[in-house]
Number of protein chains: 4
Amino acid sequence: MTERNIQVSELDRRAVEDQRVEIVERKGIGHPDSICDGIAESVSRALSQAYLDRVGKVLHYNTDETQLVAGSAAPAFGGGEVVEPIYVLIVGRATKEYEGTHVPVDTIALGAARDYLAEHVPMLDYGTDVVVDVKLGQGSGDLVEVFGEEGATVPMANDTSYGVGHAPLTETERIVLDAEERLNGEYAADNPEIGADVKIMGKREGDRIDVTVAAAMIDAHVEDLDDYDDAVRGVEEFVAGVAREHTDREVGVEVNTADDYDDGSIYLTVTGTSAEMGDDGSVGRGNRANGLITPNRPMSMEATSGKNPVNHIGKIYNLLSTGIAESVVDEVDGIRDLQVRLLSQIGRPIDRPHVADAQVVTEADVDVGDIEADVRAIVDGELADVTNVTRRVIEGETRTF
Amino acid sequence: MTERNIQVSELDRRAVEDQRVEIVERKGIGHPDSICDGIAESVSRALSQAYLDRVGKVLHYNTDETQLVAGSAAPAFGGGEVVEPIYVLIVGRATKEYEGTHVPVDTIALGAARDYLAEHVPMLDYGTDVVVDVKLGQGSGDLVEVFGEEGATVPMANDTSYGVGHAPLTETERIVLDAEERLNGEYAADNPEIGADVKIMGKREGDRIDVTVAAAMIDAHVEDLDDYDDAVRGVEEFVAGVAREHTDREVGVEVNTADDYDDGSIYLTVTGTSAEMGDDGSVGRGNRANGLITPNRPMSMEATSGKNPVNHIGKIYNLLSTGIAESVVDEVDGIRDLQVRLLSQIGRPIDRPHVADAQVVTEADVDVGDIEADVRAIVDGELADVTNVTRRVIEGETRTF
Amino acid sequence: MTERNIQVSELDRRAVEDQRVEIVERKGIGHPDSICDGIAESVSRALSQAYLDRVGKVLHYNTDETQLVAGSAAPAFGGGEVVEPIYVLIVGRATKEYEGTHVPVDTIALGAARDYLAEHVPMLDYGTDVVVDVKLGQGSGDLVEVFGEEGATVPMANDTSYGVGHAPLTETERIVLDAEERLNGEYAADNPEIGADVKIMGKREGDRIDVTVAAAMIDAHVEDLDDYDDAVRGVEEFVAGVAREHTDREVGVEVNTADDYDDGSIYLTVTGTSAEMGDDGSVGRGNRANGLITPNRPMSMEATSGKNPVNHIGKIYNLLSTGIAESVVDEVDGIRDLQVRLLSQIGRPIDRPHVADAQVVTEADVDVGDIEADVRAIVDGELADVTNVTRRVIEGETRTF
Amino acid sequence: MTERNIQVSELDRRAVEDQRVEIVERKGIGHPDSICDGIAESVSRALSQAYLDRVGKVLHYNTDETQLVAGSAAPAFGGGEVVEPIYVLIVGRATKEYEGTHVPVDTIALGAARDYLAEHVPMLDYGTDVVVDVKLGQGSGDLVEVFGEEGATVPMANDTSYGVGHAPLTETERIVLDAEERLNGEYAADNPEIGADVKIMGKREGDRIDVTVAAAMIDAHVEDLDDYDDAVRGVEEFVAGVAREHTDREVGVEVNTADDYDDGSIYLTVTGTSAEMGDDGSVGRGNRANGLITPNRPMSMEATSGKNPVNHIGKIYNLLSTGIAESVVDEVDGIRDLQVRLLSQIGRPIDRPHVADAQVVTEADVDVGDIEADVRAIVDGELADVTNVTRRVIEGETRTF
């Protein structure tokens, strides 16, 4: 019998899928906020790995505050240029020395950011289109202590915090998430004109889903306005196709609705991100840990990206609650909507939350009592295996934004 | 008969007051995230005012990205010192010239930040404890256009965005909000040892409310550990008193629970904010527009502070939906919980949202149909008066965090 | 008998006073380069004093690299405004901890800069017209060692370096130096329109001295072009009067020669320094240690301002050679021109230079042999008293630019 | 007959070659000050070229203020690492728009700096070992005007300034210059352990020349202390060989004299420059326009690197006077030492200096009168061809440091 405080109850609302109006948003990987999330998380992974390599354990750090200051650019059909560079400041603190071993956290952070940008926003020429600087403090003397031996015991919560996760995704959520990922994946591979900064908003009213896409086009691959229009149509068709894979509802797709061809006002960029021209970004201002912004669901304000995955409870509980929700839905039938909340208590082992709260909307023919034991067992097992979250984050297997 | 798309319906959940578990948080005015919110909003107000004074209308700007990099400090009973300054970077874009008139947006922004800090975190010695710098771009050429003549027509939405507001506050919400405000008000006036960085978390389980306060104490006003303990007890009693004004439920208050007197690990600061030592901050990472973080309620991710209040729909709709919810509850009886959502559509006048959605939980003896017309009328009136939100923001009458 | 390697010989050139063409320049206290020199030296003094106060000795530091990035401004008769702030970056390294005592070198440096600017360029509103930031490294581990016990032994030279000093000043040199100092002193006290950024060039051809003054006028104290012209005339007359105190030669004075009243192109500023508009500055780019730039004389490239005065040989030997030259000329008659060079050798006590070289141009009726012993004795005495240079620098009694 | 004010006269001192004590210094290409000079000049060349390419003429700019803030590093035999990056700030102003054509001066400057570092300090990993940022202002409205049509007329002097040049180099000067260039050339090609930061001081007393070399060794190519010692000996022998090519005087060479093998205190670096650990740098603090620091000769304080070569008189006259001196000595026999000074007058064409002053020390059997006409003719011709200096600078054919 478990000692964990796990509560399973009925969720006192309709499943989101059954609500009348649903709004879902995803800022794609090249959106300024997502760039910050991505850099912050890549810096975090690089630091964790460096600590493991050099001292055998992850030391105190927190790098969840990257700030991006937009540049300015002069896009032009066939290829324009960045005029003023994007400026990125990596902010946080990290342990620089441990028992005589120095860890070059600044250069590690810069290297991680450079590698991340090269992979995910490859049109940005490093050092001219974007300047990345770093300010990592040493942090509080009190906190500069060891954060978990490798393979060792469960750490204590460092804060009173909570995490919340959901499953399964609604159709609208799946469309928004899948469309962005595939635009930045298979579609971009074949269509080099599409930039990494794709922002998708899905709105469902009853059985009508409208998907609005803002997609930054890369000028070097767009010859003229006709070409641009073709690019827009291409995205439209592709997203409509993706949507049809996820729903039988009526779907409308609109791409770059703010364009005005007569004015020549179109979403053309040099580098494929609006960060080149006027759009600043920060960590934690965009997608939540499950990759989406979902005003129909409770969300945590906590930024997940960039935080230390060993004992930063805000990060761990957001990821864990999402993981639990997904596991439960995978393994237990009859659940139409599930919300898992984890609330920590400072100083308590993180596998023993103050409360773990699983609330379900069951299918019509299922009663909460029918599945309660199964749900409880899964929650219990995942909590027991909490350090697995840490491992997966360090190995880059877990989405944080 | 109105042309606005206003929908009034029953909210398909229990009132938050009636839910079993409720979590509420507020980051006080001296918290690093709140400092950023406060600076960003004061910069915004100063720019709006400067534009009105100089060119008679508010020009394009957006300053919702202040980044704070923590300093380091050596607090000591009786008075320590800041070792490395806090660094604050004001980020955004603002129109620097309009029809031949130059507006010194950089120096205006710096002046606003300096004045704000002097008033709200007065222990920070400007220029040594904190360095403030500014990077304001000129922004997109397309967007550098006029944003609303004074006293004139309703602008068009600049984005597809939404806002959400609630009323009335629950007991727990009121306790958390009121406790922070009064600690930083009347209590601080009599007890100079309390810093501006007060973070309060309220957790209600059934009829038990636990209030956890983290209050940065100012070392110059704390002679020794006994004195510190007295200060902690003082806060505890004061918050307990505030709570009793708002509820008959059982209340527990804990202050600075992470302290360990034996280790000498206490929450002592030089300047009254954790920004002096390791806690970075950003705009939009803390309180929502109503001053609270409320995971039990839908929240918008949109940062409200620092945005242009003339046509930045993310800001306006968050403030307006909150305002509408409060007005409705003030004027219409029988509402136990009300949630107002406003969804914009790019290019549509902002007083004509795509949908304005008021969902209510009524008192047991009230039916939605009984109050629908009243609610609709109030929503309609507030939407018609949308430019009032702008005016109130510019005059500093509206909370944004 | 001394063990010091002191050489006294005849200088193989005419006295500068007797050369046909002589050029002399002084960048006044408000010139961007001088602002950097002044800040760097004030930071240095503040650090020395802080080290003495806290650990009883001056620890390793070097702060000779302040960089000023010009702002932009919109001056206007009656009072204009700064548009983009001047940015000042204090650069260097300083010991941050010594045997458990922390020294807050960053905040000390910022405080010193703020105080310096308030006193010497008072029109600059701190925090809006000028932003000052600091980057002080910890420096090489090898070098973070004690730099001289108070009142203790002579340190070793840290470098192979040299210093050079001269005396007496020529008439042209005295005019240039005195004019700048008195413009920024008695004249400014009575004429608030004159800014601190006064740059004076003196050129003598035979017996004709031309003094060219560039004087930044402060717009708040200048009503119109007539008023400006009066201000220019006032400076002209004042400088002519100063010149007449120093010479019987023919003197011409020109002020703000680049002005073009027809074009409205005049030297009007908001803050009294060209740093507000386009003129950047650095340490060591302007006046040498004696306050002048004298291409007719050998000069050291070494920046004097900002360096540690305890064992930074470049600083000490420039100041000491100047001091020696002045002492010799004060005490020994018959010297028309004197040049003192000190060359250090790494690792040798600084009171034992590799060579101390006094070269003289004697009056017609005096032979070097007549004064050699006296000169040698003074050089020897000043070298023996080398730590006095350190003391005087720390107490702010010595000019460094 | 020329209208130029050219004066040829006897120099009233001994040739530097004949003076008893001579000091010469060169900061090698990898020295922090030289890195700044090199970046500033490469930025200047890139801007000139970009202006010519885009608008057909060089527009106003000045980029002579690059600031380098040292990093920190942990060198180790076989290969260490940079811990904190070097920070380089490119400072200045440049015209960003001309008659509707935008010139991306910021990204051009960053690109030039990146290319320069890659070529000259190749061990510095861009973006991790060194972060380069840029602050280029728009500059004074008055000065944002065209600076010389291509192939067109001689511009007016922008300032009262002077330049000074010398020829021929003394033996000591040639040794110092040649040694550094060949260490960074042929020697480095064969000996990868030598870094670009080589600092050479030559001191001649009578007929004894002592050459002191400080050479940063690159740890990845140094296995152990023996290996290091071999590297030091290699430099010693090489420099001694270079010296013997230039002089028959007695020569002593010492390399890395501050090393202490017992303490393990040696000049080992990761990247081959002391900028990685504690040595900051600025433009104009090191070598003069002829590549040397020569306290025995008059020097201009003016920074040559980074300035606009079209009408920045400080740059042009320093380069031109050096060029004239070299031409005269090449073409006219009987000159033992020559000093050329050019003094500008604001608003006068730069080929018409206020005075051009050639002072010579002739060989024993030559009289100034014998060569005056030849000297005058060469000076006149070079002045007439002043725009050639501009062309050569833009094409990178002229040394500036």
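Predicted model: local features only at pLDDT ≥ 70, side-chain atom pairs only at ≥ 80, totals over all residues.
Trainee: At what angle do helix α1 and helix α2 of chain A pack?
Mentor: Helix α1 of chain A spans residues 32–55, and helix α2 of chain A spans residues 105–120. Their axes lie 8 Å apart. The angle between them is about 130°.

Trainee: Is the crossing of α1(A) and α2(A) left-handed or right-handed?
Mentor: Look at where the helices meet. A:S34, A:G38 and A:Y51 are among the contact residues of α1(A), and A:V105, A:A109 and A:L117 are among those of α2(A). The crossing there is right-handed.

Trainee: How many charged residues has the contact of α1(B) with α2(B)?
Mentor: Move to chain B. Residues of α1(B), including B:I35, B:S42 and B:L47, meet residues of α2(B), including B:I108, B:A112 and B:Y116. By class, the contact has 14 nonpolar residues and three polar ones.

Trainee: Is B:E173 buried or exposed?
Mentor: B:E173 sits in helix α3 of chain B, residues 171–190. Its relative accessibility is 2%. Buried means under 20%, so B:E173 counts as buried.

Trainee: Which side chain makes a polar contact with the side chain of B:E173?
Mentor: Start with the residues that B:E173 touches beyond four places in sequence. They are B:E22, B:V24, B:P168, B:L292, B:T294 and B:R297. One of them makes the polar contact, at 2.8 Å: the side chain of B:R297.

Trainee: Why does A:V211 count as buried?
Mentor: A:V211 lies in strand β15 of chain A, residues 208–218. The cut-off for buried is under 20% relative accessible area. A:V211 is buried because its relative accessible area is 1%.

Trainee: What distance separates the C-alpha atoms of A:V211 and A:A240?
Mentor: A:V211 touches residues beyond four places in sequence, among them A:I175, A:M201, A:V239 and A:V253. Now take A:A240. A:V211 and A:A240 are 29 residues apart along the chain. Their C-alpha atoms are separated by 8.5 Å.

How values were computed: Residues numbered from 1 in each chain as written. Chains lettered and ligands numbered in written order. Heavy atoms only, no water. Helix = DSSP H or I, 4+ residues; strand = E, 2+ residues; numbered from the N terminus. Buried < 20%, exposed > 50% of the residue type's maximum accessible area, 1.4 Å probe, protein only. Polar contact = N/O pair within 3.5 Å; in protein donor to acceptor, adjacent residues only side chain to side chain. Contact = heavy atoms within 4.5 Å. Axes fitted to C-alpha atoms, helices over the stretch in contact; angles between N-to-C directions. Left-handed = near helix turned anticlockwise from the far one by under 90°. Nonpolar A, V, L, I, M, F, W, Y, C, P; charged D, E, K, R; others polar.
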